[in-house]
Amino acid sequence: PDSAKAVYSVALSPWNRFAAAGRANQVEIYDTTLGEKVARLVDPKLGKIKFKDKAMYPAGAAHRDFVHSMAFSPAGDILATGGYRVVKLWKRDAVRQTAKLVGPAAVTATAITADGKIAAVANADNIVRLVNLADGKVLRELKGHTAAVGGLAFYPHPTETSRLAAATAAADASLVDATTKQATADQAVKDFDPKALKLEGEKIAAEKKKRTDAAAAAVKATAAAKTALVAAKKAAADFAKLAAESSQLVSGSLDKSVRVWKVADGSVVRQLATPAPVNDVIFTKDGARLVSAHADNLLRVWTTVAPKPAAKKAADKKKDKKKDEKAGPKPVLEIKGHTKPVTSVALILPAGTQIATASADNTVRIFDVTKGNQIRSINVGSPVTGVAVRPDGAAIAAASGSFARLYDLAGKQLA
């Protein structure tokens with residue numbers, strides 16, 4: 001029945017991506033990254049069972065009885081659930097294609113906005129196209145690059161959406177827990193009966209104080225939980241507003257340039273001429289800087305907004321202008337360590353103070369993006385063409401040739 005909310009069994013998939021919960025005869029699947037329920041398992045055979053000419057399970061069910069045990073397979077694609085004298089195996093569908101976007105030329109880079117509504121697609125004709133994912137139509141074309149675009153990234157970061165959603169869900173759950181404990185504590189004060197508890201003398205006052213203090217503490221905990229939930233919801237709302245109104249896209253190209261575009265109208269916010277071809281780009285967590293990965297083995301950190309020049313005399317201004325035009329903008333930081341071209345870069349969230357990089361020198365490396373120092377080097381064994389990081393920062397994926405490997409941040413291979 002709908003009134004049965006208690007969880008009788010749980011299971012976590014490998015890498016803790018999914019959590020399965022057994023609620024009465026229902027099995028629900030949650031995405032731990034998003035903090036949301038993503039599926040409810042229903043056995044279609046149970047839908048045929050009737051009692052007095054009415055369906056026994058009109059809304060569907062996983063088992064006829066309570067689900068008391070469950071476990072995921074090592075690969076994470078099969079879930080075993082146990083009810084009364086029955087064990088059922090559920091197989092997760094392989095990744096299914098939901099749509100196909102056909103472009104005018106080969107795709108060299110892609111990225112998706114934080115709200116999941118727009119995709120940026122770079123084609124071999126050197127044009128970046130913003131595509132509405134709802135209908136597949138091109139919203140606008142971003143032109144300017146004269147060679148292949150190797151990297152695209154949006155700000156705000158798409159993974160922040162799932163993180164904030166999970167934080168809001170956790171805050172909501174904490175409030176429910178705090179409210180329940182407060183109600184229990186208040187009831188304990190109301191039900192206090194020294195005679196029933198066979199208390200005498202000082203023990204009466206001590207027990208009364210204990211219950212009163214617990215109730216007061218519960219009130220404070222509930223108030224704190226309410227404040228935390230309001231803050232979490234505000235953070236999510238502010239982020240959604242930022243994503244809708246101030247979204248930016250950065251593109252890096254083999255033409256040795258980096259461009260920052262305003263998604264709303266396609267205008268160029270910042271353009272940087274770099275010393276070497278750009279293979280990939282990302283924004284820092286706050287969007288104030290961007291990181292470019294280059295073919296000259298370096299990573300460079302730039303400001304997303306051109307710095308204001310200091311006040312100078314007219315003659316000095318002319319000299320500096322000519323000098324700047326010739327030299328171009330300077331990065332705020334150059335990160336060294338790789339011995340061959342840097343092919344990919346990814347921000348390690350939620351902290352956002354470190355980056356993971358991939359290179360043709362067979363390594364994935366972790367650097368401090370604020371200071372540039374190397375924290376760790378992971379030998380993959382062959383040239384690494386791509387790197388990605390889990391939204392919670394718990395694992396790094398490295399692509400090399402025909403295989404991909406997973407590592408934790410300490411460099412231990414997970415898969």
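A salt bridge here is a side-chain nitrogen of Lys or Arg within 4 Å of a carboxyl oxygen of Asp or Glu. Keep that in mind for several stops below. Note too that the model is predicted.

**Stop 1: the whole chain**

Start with everything shown as a cartoon. The chain has 4 helices and 28 strands. Its radius of gyration is 28 Å, well over the 22 Å that the globule rule gives for 415 residues, so the chain is more spread out than a compact globule.

The accessible surface comes to about 23,600 Å². Carbon and sulfur atoms hold 57% of that area. Of the 415 residues, 37% are buried. Among contacts with a separation of 6 or more, 46% join residues 24 or more positions apart.

Colour by charge next. There are 63 positive and 39 negative side chains. The centres of the two sets lie 3 Å apart.

**Stop 2: a salt bridge within a helix**

How many salt bridges does the structure hold? The count is 16. Select Asp 213 and Lys 209 for one of them. Their side chains meet with N and O 2.7 Å apart, which is within the 4 Å cut-off. Both residues sit in helix α3 (residues 202-245). They are 4 residues apart, so about one helical turn separates them. Asp 213 is partly exposed, at 38% relative accessible area. Lys 209 is exposed, at 52%.

**Stop 3: a salt-bridge network**

Select Asp 125, Arg 129, Glu 141 and Lys 143 together. Salt bridges that share partners join these four residues into one network.

Zoom in on Arg 129 and Glu 141. The closest N and O atoms of this salt bridge are 3.2 Å apart. The pair links distant parts of the chain, with Arg 129 in strand β12 (residues 128-132) and Glu 141 in strand β13 (residues 138-142). The two residues are 12 residues apart.

Are these residues buried or exposed? Arg 129 is buried, with a relative accessible area of 9%. Glu 141 is partly exposed, at 40%.

Move on to Lys 143. Its side chain forms a salt bridge with Glu 141, at 3.6 Å from N to O. Lys 143 is exposed, with a relative accessible area of 54%.

**Stop 4**

Select Ala 20, in strand β2 (residues 18-23). Ala 20 has a relative accessible area of 2%, so it falls under the 20% cut-off and counts as buried. Show its contacts beyond four places in sequence: they include Ser 9, Val 10, Glu 28, Met 70 and Leu 79. Phe 72 is also touched. Ala 20 and Phe 72 are 52 residues apart along the chain, yet their C-alpha atoms are separated by 8.8 Å.

Then select Thr 108, in strand β10 (residues 107-112). Thr 108 is partly exposed, at 33% relative accessibility. Beyond four places in sequence, Thr 108 touches Ala 122, Asn 123, Ala 124, Val 149 and Gly 150. Draw a distance from Thr 108 to Ala 122: it reads 5.5 Å, C-alpha to C-alpha. The two are 14 residues apart in sequence.

**Stop 5: backbone exceptions**

Switch to a backbone view. Most residues other than glycine have a negative phi, and most peptide bonds are trans. The next selections depart from that pattern.

Which peptide bonds are cis? One runs from Tyr 155 to Pro 156, with omega near 5 degrees. Pro 156 lies in the loop between β14 (149-155) and α1 (158-190). Another joins Leu 349 and Pro 350, where omega is about 10 degrees. Pro 350 is in the loop between β22 (342-348) and β23 (354-359).

Now look at two asparagines. Asn 126 has a positive phi, near 75 degrees. Its place is the loop between β11 (118-123) and β12. Asn 126 is buried, at 17% relative accessible area.

Finish on Asn 362. Its phi is positive as well, at about 75 degrees. Asn 362 lies in the loop between β23 and β24 (363-368). Asn 362 counts as partly exposed, at 24% relative accessibility.

Definitions and conventions
Residues are numbered from 1 along each chain as its sequence is written. This is a predicted model: local features need pLDDT of at least 70, side-chain atom pairs count only at pLDDT 80 or more; totals for chains, interfaces and linings use all residues. Side-chain values use heavy atoms; hydrogens and water are left out. Buried means under 20% relative accessible area, exposed over 50%, partly exposed in between (1.4 Å probe, protein chains only). The radius of gyration is taken over C-alpha atoms; the globule rule is 2.2 Å times the number of residues to the power 0.38. Contact means heavy atoms within 4.5 Å. Accessible areas come from the Shrake-Rupley method with a 1.4 Å probe; for residues, only the protein chains shown count as cover. Lys and Arg count as positive and Asp and Glu as negative; His and the chain ends are not counted. The place of a charge is taken as NZ of Lys, CZ of Arg, CG of Asp or CD of Glu.
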